[in-house]
There are 2 protein chains.
Amino acid sequence: MRKLYHHILSPFCRKVRISLAEKGLQCDLISEDLSSRNPAFLTINPSGEIPVLIEGEGNTIPEHNVICEYLEEAYPDPSLLGKDLNDRVEVRRLTRWFDEKFAREVTSGLLIEKVIKSLRYSGTPNSVTIRTSKAFLREHLQYLEWLIVRRRWLAGDIFSYADISAASQISVIDYLGDVPWDKFPDAKDWYMRIKSRPSFRSILHDRQTGIIPPPYYSELDF
Amino acid sequence: MRKLYHHILSPFCRKVRISLAEKGLQCDLISEDLSSRNPAFLTINPSGEIPVLIEGEGNTIPEHNVICEYLEEAYPDPSLLGKDLNDRVEVRRLTRWFDEKFAREVTSGLLIEKVIKSLRYSGTPNSVTIRTSKAFLREHLQYLEWLIVRRRWLAGDIFSYADISAASQISVIDYLGDVPWDKFPDAKDWYMRIKSRPSFRSILHDRQTGIIPPPYYSELDF
């Protein structure tokens, strides 16, 4: 059976779980640490990072983007990249935007301050980092709204890795109760469409011990 | 004519220049700033990052990995990813390793301390950062040697994006005179093979005003 090493609050692991489900692929989930380096895990992935996918025949595929490119090549239907060359550029551009820029400016700071410090009992959250991350979040939601009022999905006509990457990041922040949905109705409408997809269901029901999401987190109509 | 917005000391821009040359594609180079955000450039790429490729018909392709995936799809011959599914996983895994882990642990610190501070006349280099980056460099060169004594090229039998990404990072550090080649003969042998490729020639002849590379930097036999 296919296996995925993951952590429920890692946006990059969520991205792979949703992608697998969109392609109709089952997998067993194995919990790994969100940030520390477990020596046994380094033998599976020398970079020490999750997610790592192990295919049924034992092939190891590390790193969320490597996994997603692999999934598209090994299981092309349904496509999450699109068929047209320029469409694929736009999907990959926005995927990178959320995986790198959004993650660096928003998710990473909130995860460190609100999750990692809490799980390790190490220090109180830094309010400046939290405030800065939230300010960046508003800028990114503005950009997301700019895109989504012009297009059916973030990168164009098809539901793609761009939507999956954006929703994976945002869903982690939503778990922490930090998304100001009332200020961003178009982003909210897009996220409601994502939440109602079967591929998103298991994500919404996972819970991290000691960190409770707001009541609307798993509601489809919120 | 195809255009590339770049900076001569950006490893990610070098990666795209080498990739274009390996695929036999000509382009005009347009110099951009290495790190600050030129407002006119933000209209070309809203993330503000170089490289950006503009195709002859005007299509804009930002971000080194998006560009490289695009080049492989638009100009598949010669392939820089390989044909076999598992080979492509290994090429992409190592490409990420050098683009992200190596860049974060080694190149980024050395570029900030030795290039960006110098170009901006802002502060003296931090010797702790330089020492840490060099320690990481030795670890990465060990890993590179571990790979290259087992394989013809870094990811396997074919010259690939993995070699291009690694050589792009290392060539910038070599420009700064920071690669301890005498300690890593197998890595040196691999880099000599890279330097002798026609795609690498223009990289070796570029010079940044005010920052002079060591004499061996552009020699093929060093």
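Reply: Two strands count as paired if DSSP finds at least two bridges between them. The model is a predicted one.

Me: In which sense do β3 and β4 of chain A pair, and over how many bridges?
Reply: Strand β3(A) covers residues 52–54. One link to β4(A) joins I54(A) to its bridge partner T60(A). The pairing of β3(A) with β4(A) is antiparallel, over 3 bridges.

Me: Which strands of the sheet in chain A stand at its edges?
Reply: The open sheet has 4 strands with mixed pairing, in the order β2-β1-β3-β4 of chain A. Each edge strand has a single partner, so one side of it lacks a neighbour in the sheet. The edge strands are β2 (28–31) and β4 (60–62) of chain A.

Me: What angle does the direction of helix α1 of chain A make with that of β1(A)?
Reply: Neighbouring strands of the sheet are turned by 20° against each other on average, direction ignored. Helix α1(A), residues 11–22, packs on this sheet and touches β1 (3–6), β2 and β3 of chain A. Its direction and that of β1(A) make an angle of about 155°.

Me: Which residues are the closest to the centre of the largest cavity?
Reply: The search of the whole structure finds 3 cavities of 30 Å³ or more, and the largest has a volume of about 240 Å³. Helices α3 (64–74) and α4 (85–119) of chain A and of chain B each supply at least two residues of its lining. Among the 20 lining residues, the closest to the centre are N65(A), E69(A), R96(A), E69(B) and R96(B).

Key: Residues are numbered from 1 along each chain as its sequence is written. Chains are lettered from A and ligands numbered from 1 in the order in which they are written. This is a predicted model: local features need pLDDT of at least 70, side-chain atom pairs count only at pLDDT 80 or more; totals for chains, interfaces and linings use all residues. Side-chain values use heavy atoms; hydrogens and water are left out. Axes are lines fitted to C-alpha atoms, for helices over the stretch in contact, and angles run from 0 to 180 degrees between N-to-C directions. Contact means heavy atoms within 4.5 Å. On a 1 Å grid over the protein atoms alone, a cavity is a set of points where a 1.4 Å probe fits but cannot get out, and a pocket is an open set with protein on both sides within 12 Å along at least five of seven lines; lining residues have an atom within 4 Å of a point. Grid points are joined across faces, edges and corners, and a volume is the space filled by probe spheres set on the points.
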